[in-house]
Amino acid sequence: MRLSRYFLPVLKENPSEAQIVSHRLMLRAGMIKQASAGIYSWLPMGFKVLRKLENIIHEEQARAGHIAIQMPIIQSADLWRESGRYDDYGQEMLRMKDRHDRDMLFTPTAEELVTDIFRGHVNSYKDLPLTLYQIQWKFRDEIRPRFGVMRGREFYMKDGYNFDLTKEDALHAYNRHLVSYLRTYERMGLQAIPMRADSGPIGGDDTHEFLVLADTGESEVFYDSAVTDLSFGDRQIDYDDRAQCQAILEEFTSKYARTDETHDEALFNQVPEDRRRVARGIEVGQIFYFGTKYSEAMGATVQGPDGKPTPVHMGSHGIGVSRLIGAIIEASHDDKGIIWPEGVTPFHCGIVNLKQGDEEADAACDKLYGALTALGLEPLYDDRNERAGGKFATMDLIGLPWRITVGPRGLKNGVVELTCRRTGESEELSPEAAVTKIAEIYEQIG
């Protein structure tokens, strides 16, 4: 993509309405525009990152054996009355009536709807286990939407639902989701710590939230610093191996890590004093096991091995896709702008032409652009007739991990400058060597 033909409405000044770093930088970098309180239009670069995250989630869900569906954003209130949640959910639910005076609602979550799908099509235990998931827009009418996409009213979310014959089977699904989420977040360049949490209106006794440590987090968290030394890495997992999944759950949840709702001071005091930490965290996902809460209320049963109808055991598992972008920026930025991890960057590298209109510089940039594109990479070429300082400021603001700077002086010596956004370190390389290095970096992260 050439910047002269791209829609990137960057702002030079900090927006007055933005209270936290991610909100400020997403507005300044031209990623989003507020449509109304807590509701945003996603502009090209923001939408591009959203799709990158979505693709990673789909890949990891498929790896775990989960099946994608798409459910509507408008639901009938009748299903929620069946489960008993329609009146209990509160004012966060946006209720409405259609032209036939039927009660409808804008989806805040989809346990009822997916249970209705299941009970209409699955009758035998032989069809289990089954996990269905979607990535879809949701709406919760927050009383005070703030912090941009971190606490908006409309948000993009992955929500998955497992159906199993027994509690033991459902707890394996719980473990499977925890493992897949650890892989997902690490691919996005995040360390998301699973913490014992409160189930809230979803219900159930077993639940973990995944939190990214950040000063602007909405939750106070208490943890053993040893949890931050854990990494999933590139280990291979057999998701059908119950012992293996259980071992990973124990590895990542055995050390103390809780949100303020479930904090236990006595247990926390058992952690060695030099490892006790109190911080803020941003929730980016949560997994639940809630047994037969919905299946019993809504008649979601299967014929068991004994021929008798058996209510299925269920759980739900969510990732806040749109708020993940805010969390990534909160965890990865400096005073110049965003610093995208390579796994989620909107463009793999930037190309800056220091002297637009110079025949040799223009030709070298075009050649770099073509070589990177031929390798399946997406460069962003700043071909605008702007001063060099403005081009560098834009690249720093939008945070592409790598920048290739091309100018007449360097070309006379047969080199371009390759700069790492995270460290600020630069090196002079031939154009061909710069392309090779960029390709190798992205090949290593898959």
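**Close-ups of a predicted model**

**View 1. Strand β22 and the two strands it pairs with.** Strand β21 (residues 402-406) and β22 run antiparallel, joined by four bridges. Helices and strands here are DSSP runs (H or I of at least four residues for helices, E of at least two for strands), numbered from the N terminus, and two strands pair if DSSP finds at least two bridges between them. This is a predicted model, so bear in mind that local features need pLDDT of at least 70 and side-chain atom pairs count only at pLDDT 80 or more, while totals for chains, interfaces and linings use all residues. Residues are numbered from 1 along each chain as its sequence is written, and side-chain values use heavy atoms, with hydrogens and water left out.

Across from Cys420 of β22 you'll find Trp402. On to β23 (residues 426-429): β22 is joined to this strand by four bridges too, again antiparallel. Thr419 has Ser426 of β23 as its bridge partner. The hairpin of β22 and β23 has five residues between the strands, and there Gly424 takes a positive phi near 80°. As for burial, four of the five residues of β22 (residues 416-420) are buried, so the strand is largely enclosed by the rest of the structure. Buried means under 20% relative accessible area, exposed over 50%, and partly exposed in between, with a 1.4 Å probe and protein chains only.

View 2. Take a disulfide as a pair of cysteine sulfur atoms within 2.5 Å, and the count comes to zero. Cys420 is in no disulfide, and the nearest cysteine sulfur, belonging to Cys349, sits 12 Å away. Cys420 is buried, at 13% relative accessible area. Cys245 is buried as well, with a relative accessibility of 0%.

**View 3. A three-stranded open sheet.** The strand order is β4-β6-β5, with antiparallel pairing. β4 (74-76) and β5 (94-97) take the edges with a single partner strand each, so one side of each has no neighbour in the sheet. On average, neighbouring strands of this sheet are turned by 35° against each other, direction ignored. The axes behind that angle are lines fitted to C-alpha atoms (for helices, over the stretch in contact), and angles run from 0 to 180 degrees between N-to-C directions. Four bridges connect β5 with β6 (residues 103-106), and the two run antiparallel. Zoom in on Arg95 and its bridge partner in β6 turns out to be Leu105.

**View 4. Leu171 on helix α5.** Leu171 belongs to α5 (residues 167-187). With 27% relative accessibility, Leu171 counts as partly exposed. Leaving aside residues up to four places away in sequence, Leu171 touches Asp206 and Tyr289, where contact means heavy atoms within 4.5 Å. Leu182 comes 11 residues from Leu171 along the chain, and their C-alpha atoms are 17 Å apart.

**View 5. Zooming back out to the protein chain.** The protein chain has 13 helices and 23 strands. Its C-alpha atoms fill a box of roughly 80 × 55 × 45 Å, taken along the principal axes. Buried residues account for 53% of the 446 residues. Among contacts between residues at least 6 apart in sequence, 71% join residues at least 24 apart.
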